[in-house]
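Please work through the following exercises with the sequence and the model side by side, and try each task before reading its solution.

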Amino acid sequence: IDNGLMNGVGDTLFSPNGTTNRAMIVTILYRLEGTPGGEDASFTDVADGQWYSDAVAWAAEKEIAQGFEGRFRPNDKITRQELVTLLYRYEHLEAPQVRTGDMNLIPEPGPELEPSYPEIVLPEEVPEPTWPDLPTTLPDWILGAGTYTDLDQIADWAVEPFVWAIEAGIITGNSDGTLNPQGNALRSQFAAMIQRYHQTII
């Protein structure tokens, strides 16, 4: 709340046990990015002027979140594995740095030598972000830890995001020894994940 990422429910309530939905999550990530401009959303169920319209358009443009047959379904509850995956995609959003030449290659001028500089060639456009190949099996250091009892419930597409989130300490699981990947993500859980993300990644 202090950082302007999440708001309360009404004037005095935060609703920590309330569930999150797709519109909420992309809006928080959009605020985390600094509310950049972008194209208009092209989903049939996202009207212009909604509090989440710009965030949905940005998330779709950056391929952080995708739609379903022309719809975004902003009010759909989001699962913990979907939440981890969106945060993982946001973390890997940054495009590769553009190399503009090594200025250490500039020669020192000699008595009869004019300084010459290497030609700096810029690419025509910055490369689009590329997503790493996603493995569909958990590494031995997670499987052998015996910490989580429901690892088999993680969908193939969410394995790499979970590996990243566990290794970075962003997600720690529940007190009963589960990750509950298919359960609904609570507001308090996402607030804790964002705080850990700030502390360990940003």
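**Exercise 1.** Is Asn21 buried or exposed?

Solution. The model is a predicted one, in which local features need pLDDT of at least 70 and side-chain atom pairs count only at pLDDT 80 or more, while totals for chains, interfaces and linings use all residues. Residues are numbered from 1 along each chain as its sequence is written, and side-chain values use heavy atoms, with hydrogens and water left out. Asn21 has a relative accessible area of 11% and is therefore buried (buried is under 20%, exposed over 50%, partly exposed in between, with a 1.4 Å probe and protein chains only). Asn21 sits in the segment before helix H1 (22-32), where helices are DSSP runs of H or I with at least four residues, strands are runs of E with at least two, and numbering starts from the N terminus. A polar atom of the Asn21 side chain lies 3.2 Å from the backbone nitrogen of Ala23.

**Exercise 2.** Determine how far helix H5 (residues 159-167) is covered.

Solution. Seven of the nine residues of H5 are buried, so that the helix is described as mostly covered. The buried residues are Val159, Pro161, Phe162, Val163, Trp164, Ala165 and Ile166. Just after H5, Gly169 takes a positive phi of about 75 degrees.

**Exercise 3.** Describe the protein chain as a whole.

Solution. The secondary structure comes to six helices and zero strands, which reads along the sequence as α-α-α-α-α-α. Of the 202 residues in the protein chain, 34% are buried.

Terms used: A polar contact is a pair of N or O atoms within 3.5 Å; within protein, one must be able to donate a hydrogen and the other to accept it, and residues adjacent in sequence count only if both atoms are side-chain atoms.
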